[in-house]
Every structure is written in C-alpha cells, then in structure tokens.
Amino acid sequence: MNRVVKGSVSVIDMVADLKKGNLCPVKLVEKTFADIKSSDPTIFTELLEERALKEAHASRKRHREGNLLSAWDGIPVAWKDLFDIEGRVTTAGSVVLKSNAPATRDANMVANASQAGLISIGCLNMTEFAYSGLGLNPHFGTPKNPHATGPDRIPGGSSSGCGVAVARGLVPLAIGSDTGGSIRIPAGLNGIVGYKGSSIAFPKGGTFPLSPTLDTYGPLAADVKSCIGAAEILNGRNIKTPLPTPIHTLKFFIPTNVVFKNAQQAVIQNFEESVRALELAGATVVRGVCSEFDEIGRLAREHGYLVGPEALDIHWDLVHSERASQMDPRVLERIFDAGDMTARDLLVILRERARLIQKNRQILGDQIVLFPPTPITAPELEPLEQDDELYIYTNALMLRNTALGNFLDWCGVTLPNGVDDNQMPTSILLSMPGGRESDLLAAALSVESLLAQN
C-alpha cells in the first residue's frame, strides 16, 4: 500500500504561514493565478482575478491590523461552476447557459466564505449539468488526472476541476457538489480528501441543481482537518475541530454485497490492508450483507433512478428546444432516459427511499460503513471519449458505490489509501447516516492519521 505522493497543500499549513507572516494574501493570490495559467487550461472555466485581488488586498490590510474576519482570512478557494458568483453567468459546465443573465448575488456558501475572509479564485470545470461520474466535458475540455504517467486518465466527476485543482496544488480548497458521487469520486481518483454532507448539511441557495432531493455539497482538500474547517465556514459558523475519536472505540461495517463486484485487484488489496491496520489498532470490524443495497438495485431495475425525473424536470424546456443540440449528447441522452418513467415509478421510489433510510439508520446504529468509493482506479481518457458503450458502462461502474450513499442520505469522507501498479490512487470511503456528520469527521481524523502511518 504505497502512499500517494500528492501536490496538494493543506489549508491548515497555509493558515499557519499567513498567521506567522510567512505568506502575504496578495502575493499568494498572484502566485495562485500564475500557477493556474501555466497549468492544464481545462481545470477552470473562469478566473475571478479582479474580485480575488480586491479580496486579497483587503485581507492583507486586515492581517496588518490584526483584525481578521476568521482564522482562515486570506485562504484561496475555488468553486465548482454551479455556484452563483455575483456578476457572472453560472454555466454549470455548459455552453448552453452562457446567454443567461449574470447572478445578482453570491450563492449562500460563497457569501459565507467571503464573510470569513476567504478569497474566491475562480470557477472550476465539471461535467455538463453535473450528470456523470467520469468528468468528461466536450465544451471546456476534460481536466487530466495529475497522477497519470502514461496516457491521459480521467479526473472523475462531476466535480472534475475540483479534484484536479486541489491535487495539483493550484488551490488548497475546492467546493463541489455530490448527487451520486461527484465529490467522493474525483477525490478518490486524484488521491485527496473529499467530504460530502447529507442533504441538509449545507445551505443550497444559489446553486444550480441536478436533483434537488439527492444534491449534497462539500469540500475537497488535502486533509480531513481542512475539510472540517471548510464545512464550518460554508455554514457561516466559527471553526471548531472535533477531537479525533480513538480508533479502538470505532465500529466499522463492511458490506459484502454489491460494492466489491468487478473491483480492481489493487483496490481490494489496498482496502484490505487498510482494514487490517484498523483491526490492529483495536477497531471493531464486522462484515455482512447490506440488504438495503439489494433493495436499491431492485428499485432501479423496476422503476428507474430518482435523479432522472428531477433532472428532466429542471431541464425540460432546454432539452425540448433547439439549444439541446449544443449539449453533450451523452448528457442529453441520460436526461431523456427518464422520459419513460411513470408518476407511479417516482412515487414508489420516494416512498421506498424514506423507508430504507429509516431502516438503515436503525440497523447501523453507531457503525461506520466502510468500502472503496470506486471499484476501479482512474481509467484512460481517450477510449471513453471514443466509445459510447464503454462510456456508459464505466460511468455506471464509477457511480455504483457512491450513489448508494446519496440514496440513503449518508454523509461520507473519502481518504486516499494507496496506489495501483500504474501509480493511480486508491481510496476508502467512510459513511454514516445523515445527521452524524460530526461523528463521521471525528472518526475520519483518526483513520486518516492511522493510514498515514502505514
């Protein structure tokens, strides 16, 4: 289980350097833009240079006067391009929306970050309308996974730019969305930490939706502590970091069904090494069948996917207009697929989802669900661009594990735990029912520290 060599930079380390005066917010922002402009041009869809420099100068003044808005005053942050930024059009990874009116105000999370003194650097590339787990985008290009040493490999999606920007060290913090895995997948494939809350964990105002029922949000960063601080700031709270939960008090549940099917050998091997480390440290590990996973699969086969009708409703006018021809045809096809679902299909899915969430919460209790976020590491990019059938198969495989957590309204943290023979990152995913975010993050602090020792 070789550790991933990352270019990512911890927010916590950057905060310390700003506090000591080793970093100047203005010089930091200037270097950030210089690094971005000399890097992969597909990572960002737009840079916010005028705004960022204005915010940096204000932050520098506050640092000199000792009048900080928060401990993170001066930290650069970048946003998946579905967060409203005042004065710009929110494109959600699509050229179709470029003619829309600019946003009149920042999204709630953007506003909360600004009020804490964070500096908004730019808007990050993503799969069009956040509707894929692979991260491909024919309009703005596809960000390349920075760990690939041979042919280009995918970044994971839909928060593709988020994963790559942090992994390359261009920004210490990126904020994404996750409807079926869109934070945890790119975090896992790029060897960084990704945290998504449950459906009520973050304020959603000013975000472009894919599926209002399933949409969740959260940060991607170099470490868990950075994600914890970001979550507090995005909610407009003061930063409080929970104490790590002692490993020997943690209880893990590993599902034996669904999540390991068609898994790559390196993914399984690194996962099992992580599990052995947990057991040696005194954690309780139980394996068994998660019947809810099988029931979710049956619902999908018999009635379809919840994301489908909600996405179709949101994009109804667009996909039935001439502008649909400008969309990624693969995304368009996925949206149209939901047209065959009936009203009863949707009602059954919603009713059964509520039942399964309650059932799962009671069964799990204090246990943390543990499995790989993706059954494979990042595949090569070009074959997926050329082959529609391969794209469909790989996308379904990539989303399979993480989407279970969205359906059951879990919160989740992806942690890097090694590499495969091609030096592509593998990861583990810790999940708990919605509302247990604090417990999950406290546990993730300990697991992260343990994995770093192995």
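Trainee: Are α7 and α16 roughly parallel or roughly antiparallel to each other?

Mentor: Roughly antiparallel, a label used for angles over 145 degrees, with under 35 as roughly parallel, 65 to 115 as roughly perpendicular and the rest as oblique. The axes of α7 (residues 224-234) and α16 (residues 437-452) cross at roughly 160° and come within 9 Å. Axes are lines fitted to C-alpha atoms, for helices over the stretch in contact, and angles run from 0 to 180 degrees between N-to-C directions. Helices (H or I, at least four residues) and strands (E, at least two) are DSSP runs, numbered from the N terminus.

Trainee: How far can I trust this?

Mentor: This is a predicted model, where local features need pLDDT of at least 70, side-chain atom pairs count only at pLDDT 80 or more, and totals for chains, interfaces and linings use all residues. Residues are numbered from 1 along each chain as its sequence is written, and side-chain values use heavy atoms, with hydrogens and water left out.

Trainee: Which residues in α7 and α16 meet?

Mentor: V224, K225 and I228 from α7 meet L441, A444, L445 and E448 from α16, where contact means heavy atoms within 4.5 Å. Five of the residues in this contact are nonpolar, none polar and two charged. Nonpolar covers Ala, Val, Leu, Ile, Met, Phe, Trp, Tyr, Cys and Pro, charged covers Asp, Glu, Lys and Arg, and the others, Gly among them, are polar.

Trainee: OK, pockets. What is the volume of the second largest pocket?

Mentor: About 250 Å³. Both α7 and α16 supply at least two residues of its lining. Of the 16 lining residues, Y195, E232, R237, E437 and S438 lie nearest the centre. On a 1 Å grid over the protein atoms alone, a pocket is an open set of points with protein on both sides within 12 Å along at least five of seven lines, a cavity is a set where a 1.4 Å probe fits but cannot get out, and lining residues have an atom within 4 Å of a point. Points are joined across faces, edges and corners, and a volume is the space filled by probe spheres set on them.

Trainee: And the largest pocket: which helix gives the largest share of the lining?

Mentor: α15, with 13 residues. The largest pocket holds about 1500 Å³, and its lining has 25 nonpolar, twelve polar and ten charged residues.
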